[in-house]
Structure formats: structure tokens, C-alpha cells
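Please look through the structure shown here.

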Amino acid sequence: MFLTDLIPLRTLGDDRGGLTVLEGGNDLPFEIKRVYYLTRTKPKVSRGFHAHIALRQMAVCISGECEMVMDDGYLRETVLMNSSERGILIEPMVWHEMHNFSEDCVLLVLASDIYDEADYIRIYDDFLEIVRAKS
Ligand code: TYD
């Protein structure tokens, strides 16, 4: 199992077009309390650069593409996200960064809780210290 494993989503599309379903607690291992999405990301802009203490999230690139970097303090992996039918789980204490957004990229994120700045670790060295203190 890799940090960057892409999870096939429940896709019920037919000859009329695509339809992908994400039900909190069923298709996702948590209930959804918040949805947000990144759009119109400017060229050369990267985002993320943080880990969460408790928040669980799933990201799905529903249009275009971007790269997701995931880092658990020991391994750093990159995956190209370019399918609306596969998502990635961003579990707590995983540093993540998003790079190389295409102009048409829409990155949808489903989150287990409402926004709380206190749940963020935004300094990579702090993240490493916390992760390594745990092992
Ligand atoms: P931030 O988490 O820094 O975005 P990213 O890490 O993807 O670059 O969020 C940017 C700003 O938006 C920051 O001031 C926090 C705010 N924000 C909310 O108020 N609610 C949210 O759900 C999110 C994701 C961000």
C-alpha cells in the first residue's frame, strides 16, 4: 500500500455520460462535514504544504490534472491525478502538496470536519519532529 494509492470510486456512468458517487461513511471511511474545491489555480502555483493533526480528507480531480505529493515523514511519493473516477485519501499526519495544476483543473476535497486552523501543521520541520517523536 502506498500513500498515493488512487482509490476507484463508485462510478455508475452509462451511455448518457459519467456519474460518480461519494457517500460519507460508505464510499468514504468518514462522514463528510465540509466540501471545498480548488479552481483556476494559476500557472506555477503550488498549494497545500501542510499536514493535519486529525482531519481526514479525500481529494478527487474532477477536471484537468494536477500532481499530489504525499509525505509521511519517511516516504515521499508523487501521483498524477487526472481522473474523476479515482480519489486519494489524505489521512492525518501526511504532509501534502499539490503542483502543476492544469488550467482546467478542479480539485474537489471532501473533509471529515469543518475548517480549523488549529488542526494544521504548516511548518515541515515541525511536522517531521512530531512524526518522528511518535515512532
Ligand atoms: P489553505 O488551507 O492555506 O489552502 P492551501 O493549503 O490549499 O494552499 O487555505 C487558504 C485560505 O483559505 C486560508 O486563509 C484558510 C482558508 N480556508 C477556509 O477558511 N476554509 C477552508 O475550508 C479552507 C480549505 C481554507
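Is arginine 40 buried or exposed? Arginine 40 is exposed, as its relative accessible area is 69%; buried stands for under 20% relative accessible area, exposed for over 50% and partly exposed for what lies in between, with a 1.4 Å probe and protein chains only. The model is a predicted one, in which local features need pLDDT of at least 70 and side-chain atom pairs count only at pLDDT 80 or more, while totals for chains, interfaces and linings use all residues. Residues are numbered from 1 along each chain as its sequence is written, and side-chain values use heavy atoms, with hydrogens and water left out.

Arginine 40 sits in the loop between β4 and β5. Strands here are DSSP runs of E with at least two residues, and helices are runs of H or I with at least four, numbered from the N terminus. The phi of arginine 40 is positive, near 50 degrees, in a residue other than glycine. Most residues other than glycine have a negative phi. Asparagine 100, in the loop between β10 and β11, also is not a glycine and has a positive phi of about 50 degrees. With a relative accessible area of 51%, asparagine 100 counts as exposed.

Glutamate 97 belongs to strand β10 (residues 95–99). This residue counts as buried because its relative accessibility is 7%. Between glutamate 97 and methionine 70 there are 6.8 Å from C-alpha to C-alpha, although they are 27 residues apart in sequence.

Next comes the sheet. Five strands make up an open sheet in the order β1-β9-β6-β11-β4, with antiparallel pairing; two strands pair if DSSP finds at least two bridges between them. Its edge strands, β1 and β4, each pair on one side only. Strand β1 (residues 7–8) is joined to β9 by two bridges and runs antiparallel to it, with isoleucine 7 opposite glycine 87. Four bridges connect β9 with strand β6 (residues 57–63), again in the antiparallel sense, and here glutamine 57 faces isoleucine 90. Strand β9 itself (residues 86–90) is mostly covered, with four of its five residues buried.

Which residues touch the most other members of the largest nonpolar core? In this core of 17 residues they are Ala59, Met68, Met81, Ile88 and Leu107. A nonpolar core is a set of buried Ala, Val, Leu, Ile, Met, Phe, Trp, Tyr and Cys residues joined through side-chain atoms within 4.5 Å. Two or more residues of the core come from each of β6, β7 (66–71), β8 (76–81), β9 and β11 (106–111). The most come from β7, which gives three.

A side-chain N or O atom of tyrosine 120 is 3.1 Å from a ligand oxygen atom. For a polar side-chain atom of histidine 50 the distance to a ligand oxygen atom is 3.2 Å, and for a backbone N or O atom of glycine 48 it is 3.3 Å. Taken alone the ligand exposes 520 Å², of which the protein buries 59%, with areas from the Shrake-Rupley method and a 1.4 Å probe.

Notes:
Polar contact = N/O pair within 3.5 Å; in protein donor to acceptor, adjacent residues only side chain to side chain.
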